[in-house]
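Reader: Got a model to go through. Can you show it, then walk me through the contacts?
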Amino acid sequence: MSPKPSLALLLAAAHVPIAAQTQRPNIVYIMTDDHTAQMMSCYDTRFVSTPNLDRIAADGVRFTHSFVANSLSGPSRACMLTGKHSHKNGFTNNEHGIFDGSQQTMPKLLRAAGYETCLIGKWHLVSTPTGFDHWEILPAQGDYYNPVFIHMDGRHVVDSGYVTRLITDKAIAWLDKHTATVPEGSPEGASKPFALFIHHKACHRAWLPDLDDIRLYEDTTFPLPPEFHDDYATREAAAKTEMEIGKDMDIVYDTKMFVSHEATPATRLSSSYERMIGRLSPAERKRYDDFYVPLSQRFYQEWGTDYNFLPRQSQSSVDGSRDAKLLEWKYQRYMRDYAKVVHALDQEVGRVLDYLEAKGLLDNTLVVYTSDQGFYMGEHGWFDKRFMYEESLSTPLVMRLPKGYERRGIIDEMVQNIDYAPTFLALAGAPIPKDIQGVSLLPLLKGKAATKADKQAIRNWRDAIYYHYYEYPAEHDVRRHYGIRTDRYKLIHFYGHDVNAWELFDLKNDPHELHNLYGQPAYDKLQRQLHRQLEALQIQYDDPQR
Ligand code: SGN
Ligand code: CA
């Protein structure tokens, strides 16, 4: 009978360098939903204060050119898990996708390299999670109030409380349990290194705050973004969407103008709204209503109960007109509720950092804070995401680095969410499979410890990223498109159904992407060059859509 191989031997077989085995860093990956960099004070000081998120950036690094590959929840999650673009991991859109959990994923590879893996929170990939030693997930989008969690044994259990706090409680409870158990004969002299994935529901629509935070930001008047009154000239697909604050934001569901079922005019999403707040206990509901009902009564007194949606022209309404005032009023409500939701998120991230610090784990842990994509906070008059324009192509990314990684401050190389998988594998000392399309970010994180090869990797860093969005026909009506972004320019092709349009932007001279330069003779040479670069990327990533 052959003796059982030790863990050390197994790790060696997994190509983990022996020296690294004693102190391999832990990974805490915190991914929120729809949290955009404009609403994070280390990126943008105009709107909110996020001291705990800023702490990660201040102690570590902040990426200023961090992008997603497909600006939507499920697809982003699949890119993160696999390190591959949507056409390779198979999960191209939320509406028809079921993630193939039998494929190679980063959590599975980390596990094979000796990590313990745990996932808590939003999953959104339809199939059952694979590659995690422990998971507890929200069904689909999940709920803010007293949410259901699905357990590994299939039970659906309702927990009392606010979702952001509950997800953190569960993550910390898992850490407690994990750090208390040291496997016998562990070569690391402690429990296994871990990779903990904390996936928040916040701050997804409809931005329902913790009752403790419900009155925050009520005295704040948020400045309008410069391109709030965009008229979408020269951008056909932008003009065709349904994500305008004026025209498409629901007065009941989104801005919460609800008195009672009987006393409130019904909208398309009223019953969804009633279901969401119907989850509150009577005492909780009273606290909720004490705040929103008087506001709603005042709203309907002022604007009338026939109010439904503003017309398209509201975007460019004359200052002081009824439509213009109502549009701005909706914007302020949207911003305030979103800001409240971010507040709880910031506090709960602080709680995780404090926990790691108290346990002496912080210095040997890579803490990543990011979102599944960016979001529009009134830019172009919009909410939601999906487009390859800057606000939703970008996603916040800050990291607190484990010891040995000395880089601090801003990193401005272009990075993408397909890079997380190879980064975590490299950090664990595990090999990066050839079919992974992202690249490890470790060379950017080493600072003084960078080797010759790292410096070479930085010199040869990618000069463009590739993007492909597929979910159409679907909610918000964003047409399918793919494109390329370089450090200065962007070329996008909207295709299929009723549109076949190219757009070209000069991000330096037109940072708000209002002037589509495609087809203008002065840009002919640049246009041809970008087409070539785009095609080269489609070949490199093997995207059949060309
Ligand atoms: C829901 C929202 C949409 C949102 C998608 C995708 N509608 O369908 O506004 O774009 O999720 O978001 S709602 O009426 O249900 O709130 S994602 O982040 O999960 O991709
Ligand atoms: Ca999202």
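Author: One term to begin with: contact means heavy atoms within 4.5 Å. This is a predicted model, where local features need pLDDT of at least 70, side-chain atom pairs count only at pLDDT 80 or more, and totals for chains, interfaces and linings use all residues. Residues are numbered from 1 along each chain as its sequence is written, chains are lettered from A and ligands numbered from 1 in the order in which they are written, and side-chain values use heavy atoms, with hydrogens and water left out.

Reader: Which domains does the assignment give?
Author: Domain 1 covers 7–208 + 337–458, domain 2 covers 226–329, and domain 3 covers 465–540. The bounds come from an automatic or database domain assignment.

Reader: How many residues of domain 1 and domain 2 are in contact?
Author: 25 residues of domain 1 touch 28 of domain 2. Their centres, taken over C-alpha atoms, are 33 Å apart.

Reader: What area is buried there?
Author: About 2200 Å², with carbon and sulfur atoms giving 57%. Buried area is the accessible area (1.4 Å probe) that two parts lose on being put together, summed over both. On the domain 1 side, Tyr145, His380 and Phe383 supply 26% of what that domain buries against domain 2, more than any other three residues.

Reader: How many salt bridges cross the interface?
Author: Three between domain 1 and domain 2. The rule wants a side-chain nitrogen of Lys or Arg within 4 Å of a carboxyl oxygen of Asp or Glu. Asp337 also forms a salt bridge with Lys256, with the closest N and O atoms 3.0 Å apart.

Reader: Switching to ligand 1. Which residues are closest?
Author: Tyr253, Asp384, Arg386, Glu475 and His476. They belong to a shell of 18 residues around ligand 1 (a heavy atom within 4 Å).

Reader: Which side chains have an N or O atom by a ligand oxygen?
Author: Among them are Gln141 at 2.8 Å, Arg205 at 2.9 Å and Asp33 at 3.3 Å.

Reader: What share of ligand 1 does the protein bury?
Author: 87% of the 460 Å² that ligand 1 exposes when taken alone. Those areas come from the Shrake-Rupley method with a 1.4 Å probe.

Note on methods. A polar contact is a pair of N or O atoms within 3.5 Å; within protein, one must be able to donate a hydrogen and the other to accept it, and residues adjacent in sequence count only if both atoms are side-chain atoms.
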